[in-house]
Amino acid sequence: GARVIMTRNADSYVSLKDRVEIANYGDAAVFLSIHGNSLPDGSDPNKNRGTSIYYYYNQAKPLADIIINTLVSVGVPDDQVRQGSLAVVRNTNALSLLIEVSYLINPEDNANLINPEFQAQYAKAIADSLEKYFGR
């Protein structure tokens with residue numbers, strides 16, 4: 001029952017400002033910015049795994065908690081829900097989250113990121129979380 005607004009339909013760059021404008025002009029109720037996570041140079045790629053979710057406004061934290069709990073229940077490592085002042089979660093009118101799926105540099109996480117079954121399971125967990133949040 002959701003109307004999905006994509007910021008892009010191909011592998012192309014869309015600025016942070018444009019992503020926010022797409023969500024705001026589309027009158028989005030929820031904005032999810034989904035990314036592959038990275039680490040600073042020199043970090044041990046085997047020490048960090050899993051999904052982290054960032055929110056800025058406190059009203060977005062309950063949705064972040066539902067999503068992380070759903071993902072953990074299907075076996076995704078929990079890299080925590082965190083508050084952060086990131087452009088797409090701070091400037092979007094909608095309930096906004098930035099989801100860092102997994103670490104690109106971690107061998108196990110990277111294997112998951114390129115696995116179509118993992119991608120489908122992850123997407124379903126997010127969809128299930130949204131349904132739970134909206135009480136369906």
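The largest pocket holds about 1,400 Å³ of space. A pocket here is an open set of points on a 1 Å grid over the protein atoms alone, where a 1.4 Å probe fits, with protein on both sides within 12 Å along at least five of seven lines; lining residues have an atom within 4 Å of a point. The volume is the space filled by probe spheres set on the points, which are joined across faces, edges and corners.

The model is predicted: local features need pLDDT of at least 70, side-chain atom pairs count only at pLDDT 80 or more, and totals for chains, interfaces and linings use all residues. Residues are numbered from 1 along each chain as its sequence is written, and side-chain values use heavy atoms, without hydrogens and water.

The pocket has 33 lining residues, and V4, M6, L32, I34 and L130 lie nearest its centre. Which element gives the most to this lining? Helix 5 does, with eight residues; helices are DSSP runs of H or I, at least four residues, numbered from the N terminus.

Let us turn to helix 1. Its buried residues (under 20% relative accessible area, 1.4 Å probe, protein chains only) are R19, V20 and A23. They fall within an arc of 95 degrees seen down the axis, so they line one face of the helix; the arc is that of the directions from the helix axis to the C-beta atoms. On the other side, K17 and Y25 are exposed, that is, over 50%.

Finally, L63 lies in helix 2 and is buried, at 0% relative accessible area.

Notes. Helices (H or I, at least four residues) and strands (E, at least two) are DSSP runs, numbered from the N terminus.
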